[in-house]
Amino acid sequence: AEGTYEENIILKSNVDVLGAGAEVTMITASSGYVVTADNIGSEVVISGFTIDGQWTSSRGISCVIGSSPTISDNIITHSIWGIFCTDSSPVIINNAITYLTEHALRIEASRPIIRDNVISHIGSDAIWFGNGSITIINNKILDAGGAGIMCWGEGGAFIEDNEITESTYGIECKDIFHPMIRGNIIKENIRDGISISSSSRPDIGTQVEPGMNVICDNGEYDV
C-alpha cells in the first residue's frame, strides 16, 4: 500500500515485498540497514519502494550469506552504501540509486547481475567490486566522486553497454582483475576513461575482435 514505513525490514524466504511504486511508497530507517537479505533465495523480490536511509543508515540494502533476491524498480538513496553484497548473487535491475555518501553498490566475493539502473550523485566509487564475478550491463552512471566502476582483487567482470560520464574515472582496474569491456560509452570524466594499474589486464578489444567501446573526451587519458 502507499505510504511511509519507518522500520528496518528483514526479507524472508518465499515472501515478496512489493510496494505501490517508488514515488508513493517509502521504507526509511535512520540506523543500521534499511533492508536486510540474509540467506534467502532467488524467489524473493523487493520492488516498488523508495529505500531511504535518512543520510545516517549504513546500508540501504544488505545482501549476505548466499542470498540471491531480485531488487527492482526502487529508488535507493541517502545511505552510506546503497546496496552491499557479500557471498551473494542478487539481480539488481531497473533501480535509481542516487545520493549516497560513499558507494552506490559495494560488492565483495559475490556474483551479482547489475542491469538497467541509473546510478548518480555518488560520493566515492559508484560500483565498487572485488573478488568474484560480476555482470554489469546497460547502466547509466554519472557524477561519481571516484570511479564509475572500480574493480580490484581477483576475479572477472563482463561490462557491456554502459554509459559512464562526469565521474573522476570511468572504469578503474587494479590488482589482477581481468574484466571484459564491450560496447560502453566512457566520456567526459575528470581524469581517465579507463585507468589500469598493478597487474590488471582488462580486455577492451583488439583489431580482430573490436571492443566497440567509445572512450573519448576524458580529462587526462582515455586509457
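Predicted model: local features only at pLDDT ≥ 70, side-chain atom pairs only at ≥ 80, totals over all residues.
Reader: How many helices and strands does the protein chain have?
Author: It has zero helices and 25 strands. Both are DSSP runs, numbered from the N terminus: helices are H or I with at least four residues, strands are E with at least two.

Reader: What makes the chain as compact as a globular protein of that length?
Author: Its radius of gyration is 17 Å, and the globule rule gives 17 Å for 223 residues, so the chain is as compact as a globular protein of that length. The radius is taken over C-alpha atoms, and the rule is 2.2 Å times the number of residues to the power 0.38. Along its principal axes, the C-alpha trace spans about 55 × 30 × 25 Å.

Reader: What share of the residues is buried?
Author: Buried residues make up 50% of the 223. Buried means under 20% relative accessible area, exposed means over 50%, and partly exposed is in between (1.4 Å probe, protein chains only).

Reader: Why is strand β21 called largely enclosed?
Author: Strand β21 covers residues 169-173, and five of the five are buried, so the rest of the structure largely encloses it.

Reader: How do you know which strands pair with β21?
Author: Two strands pair if DSSP finds at least two bridges between them. Four bridges join β21 to strand β19 (residues 147-160), and these two run parallel. Three bridges join β21 to strand β24 (residues 194-196), again parallel. Both counts meet the cut-off.

Reader: Which residues are bridge partners of cysteine 173?
Author: Cysteine 173 in β21 is the bridge partner of cysteine 151. In β24, its partner is isoleucine 196.

Reader: Why is glutamate 160 called partly exposed?
Author: Its relative accessible area is 24%. That falls between the cut-offs, so partly exposed is the word. Glutamate 160 sits in strand β19.

Reader: What is glutamate 160 in contact with?
Author: Contact means heavy atoms within 4.5 Å. Leaving aside neighbours within four places in sequence, glutamate 160 is in contact with Ile136, Ile137, Asn138, Arg182 and Asn184. Isoleucine 136 is 24 residues away along the chain, yet the two C-alpha atoms are separated by 6.4 Å.

Reader: Where does glycine 41 lie, and what does it touch?
Author: Glycine 41 lies in the loop between β5 (33-38) and β6 (45-47). Beyond its neighbours within four places in sequence, glycine 41 is in contact with Ser68 and Pro69.

Reader: Why does glutamate 166 count as partly exposed?
Author: Its relative accessibility is 45%, so partly exposed applies. Glutamate 166 is in the loop between β20 (163-165) and β21. Phi of glutamate 166 is positive too, near 60 degrees.

How values were computed. Residues numbered from 1 in each chain as written. Heavy atoms only, no water.
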